[in-house]
Amino acid sequence: PWVIESHQQRGLPEKGFTEAYSRFAKSLIKSGSGAGDDQAVGLEFELVMQSNPYTETEEDLSVKLLWEGKPFPDAQLNVFFKPEQSPDSEINRVLYQTDKQGVASIPRPAESGVMLLNAVHMIEPDAKTMLETGAVWESLWASTVFAIE
């Protein structure tokens with residue numbers, strides 16, 4: 001809602017404007033036993049798994065969202081799950097929100113499949129980006145994908 005309000009306050013048109021975007025994607029791939037920890041790698045907008053989906057199989061999944069290396073609170077987190085046994089079924093999507101520390105807890109699916117976590121943050125582009133692209137908004141996309149076994 002704040003983007004719509006800011007868009008109107010900036011006097012921008014309802015249609016026909018340009019948006020720039022940047023994607024910050026990570027994949028967690030199991031090797032051997034799958035032991036190990038995800039960590040922040042310095043992406044501008046980044047999801048960091050606080051729990052290991054390959055070894056912590058009895059617990060909910062915990063993830064932290066970072067913007068410029070700091071916890072990003074009260075953000076919407078999209079969770080998509082594609083069951084392995086139902087390749088023709090629709091992808092399930094559930095929305096969560098990060099807490100004041102930028103952390104969200106996600107129930108672990110009972111069946112195997114692929115999980116994608118995704119968050120989007122809208123910012124006003126800097127002058128250089130506006131000049132180069134004509135964009136009036138920039139969306140930052142953080143994502144991570146991994147298997148549930």
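**Entry 1: Glu46.** I looked up Glu46 in this predicted model and found that Glu46 is buried, with a relative accessible area of 2%. I then searched for a partner of its side chain: Glu46 forms a salt bridge with Lys26, and the closest N and O atoms are 3.1 Å apart. Because Glu46 belongs to strand β2 and Lys26 to strand β1 (residues 18-27), the pair ties together parts that are 20 residues apart in sequence. Lys26 also counts as buried, at 11% relative accessibility. I noted that a network of salt bridges links Lys26, Asp38 and Glu46.

**Entry 2: strand β2.** I asked how many residues of strand β2 (residues 45-49) are buried. The count is 5 of the 5, so the strand is largely enclosed by the rest of the structure. Phe45, Leu47 and Met49 are buried on one side, and Glu46 and Val48 on the other. In a regular strand, side chains alternate between the two faces of the sheet. I also recorded that β2 pairs with strand β3 (residues 61-67) in the antiparallel sense over 5 bridges, where Leu47 has Leu65 as its bridge partner.

**Entry 3: other salt bridges.** I found 6 salt bridges in the structure. One of them joins Lys100 to Asp74, with 3.0 Å between the closest N and O atoms. Lys100 is exposed, at 60% relative accessible area, whereas Asp74 counts as partly exposed at 40%. Glu132 and Lys128 meet in a salt bridge of 3.8 Å, N to O; both lie in helix α2 (residues 127-133), 4 residues apart, about one turn of the helix. I noted that both Glu132 and Lys128 are exposed.

Technical notes
Residues numbered from 1 in each chain as written. Predicted model: local features only at pLDDT ≥ 70, side-chain atom pairs only at ≥ 80, totals over all residues. Heavy atoms only, no water. Buried < 20%, exposed > 50% of the residue type's maximum accessible area, 1.4 Å probe, protein only. Helix = DSSP H or I, 4+ residues; strand = E, 2+ residues; numbered from the N terminus. Pairing = 2+ DSSP bridges. Salt bridge = Lys/Arg side-chain N within 4 Å of Asp/Glu carboxyl O.
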